[in-house]
Amino acid sequence: MSRVTRQLKFLNKISAGTPKSQILVNPEKCAALNLTFQYQNHNGHMGARKFWREYLPTLQFYNPSLQIRVTRVKNEDKKDVGVPCILQVLAKDGNVTSTVEMRNKDKDVIMDEFLTIVEHEKVPESDIIEV
Amino acid sequence: MLARFSRTPGRLSLSGQTLRVSSFHTARILNAEETPSSNASKLTKDQAKKREIRRLAQRKSAARRPASDHRLYMPVTKALRFLRAAEVGQPRSQQTLSITTILVSERGTPPLSGNVSFPKPLKDIKIAVFTTDEKQAQIAREEYHCHLVGGPELVEKIKQGEIALDFDKSLATPEMANSLSSQLGRILGPRGLLPSAKKGTVSENLGELIRDSMGTLPYRQRGNCVSIAVGKCSFSDQQILENIIAAQRSMKEALASQKTKKPSLLSQTTLTSTHGPGIVIDFA
């Protein structure tokens, strides 16, 4: 694979790779997302990390005004289960409207749950950008 | 016949395997043959020169092609949308956008370097001032709030590694310049931080110098490209565009003042972020 093809693949993955997160959220009710999880995968934090890597770039791409903040906590101790693994949805006034518990869940499950709580509409087929 | 026979064991010996050569004189022929064959992949001087000329011509013609022909070409606003998406969730401090321009220059051309002043700077520029003159030091400290101000004792501290090299620019008065280059040349030199009269960072009157360099960021050519950080992902499109234009203007100026007969050409320019892809933009 040439250098350029690899880059194009990377770009297309952002804009057209994950159909599930090709949505337009309602900016009034969902102005920001806060994610908190561990650096390390243990205690069921892997789904959250995968959700961030797979779905959030596309979500940000179609919702440029959405503020997404990811807080990752370093926790080497496997017995310490106190680190939260949550996704918070913030309204425009900064209040947390809903929370998704991401622990021990697959990235697709987290995405489905996110879609049920957030008011959204699909990006029309004609607006999907492919390079 | 002999030639074909001898080539096989010759290659075997190169790959490090044991070989058994039956008779003594075959081995001698082998040795004699190996010398030219091991040199066959190397080019003669003439060929190397021709190849270099050919490659330069290729790079020049690539530089003349418009950026919009490239498969990764995008308008800046669209590119920024992609880069911001790629950068999602990363710590703020890591979300730096930068442009990299490939330069096509003749051999022996001095590397391109210059200063760029951005309408929206990325961060406050930290300046280190080396001087033994108390009056100058006071100006630097009180009027301009320089990051580090000091004389020989500061030099000693940097040499010992007690102070982190986190400044972007360093200035000095002439009486310090010599001892600086002898003592700190090895440390500051490779980072392009060593004050020198040639770069215009040594002066009797530091106040003026500091004022000029307060809002500017130095850049220089590394290899055959120039890289400048132009913004953060949190900047607006307008601010980033203004910064890119400032960088372009300063680079054109630097090209015009380059001391050479044939000025370098600006070739493909990519806009990229810390974790994102490189996207070709229109720059020239």
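Guide: Welcome! A residue is called buried if 20 or more other C-beta atoms, placed from the backbone, lie within 10 Å of its own, exposed if 12 or fewer do, and partly exposed in between. The model above is predicted, so local features need pLDDT of at least 70 and side-chain atom pairs count only at pLDDT 80 or more, while totals for chains, interfaces and linings use all residues. Residues are numbered from 1 along each chain as its sequence is written, and chains are lettered from A and ligands numbered from 1 in the order in which they are written.

Visitor: What makes α2(A) largely enclosed by the rest of the structure?

Guide: Of its 17 residues, 13 are buried, which is why α2(A) is described that way. Helices here are DSSP runs of H or I with at least four residues, strands are runs of E with at least two, and both are numbered from the N terminus.

Visitor: Where does α2(A) have a kink?

Guide: At Y55(A), shortly before the proline P57(A), with a bend of about 45 degrees. The bend at a residue is the angle between axes fitted to the seven residues ending there and the seven starting there.

Visitor: Which elements make up chain A?

Guide: Three helices and six strands, running α-β-β-α-β-β-β-α-β from the N terminus. Of the 131 residues of chain A, 30% count as buried.

Visitor: Turning to chain B, how do you know that β1(B) is joined to β7(B) and β8(B)?

Guide: Two strands pair if DSSP finds at least two bridges between them. Seven bridges join β1(B) to β7 (residues 225–232), and seven join β1(B) to β8 (residues 265–273), so each count meets the cut-off. Both arrangements are antiparallel. T100(B) stands opposite S227(B) in β7(B), whereas L103(B) has L266(B) of β8(B) as its bridge partner.

Visitor: Which residues form the covered face of β1(B)?

Guide: L97(B), I99(B), T101(B) and L103(B) do, while the uncovered face includes T96(B) and V104(B). In a regular strand the side chains alternate between the two faces of the sheet.

Visitor: Why does A63(B) count as partly exposed?

Guide: A63(B) has 16 C-beta neighbours inside 10 Å, between the cut-offs, so it is partly exposed. A63(B) lies in helix α3 (residues 45–64) of chain B.

Visitor: Which residues does A63(B) touch?

Guide: Leaving out residues up to four places away in sequence, V104(B), L265(B), L266(B) and S267(B). Two residues are in contact if their C-beta atoms, placed from the backbone, lie within 7 Å.
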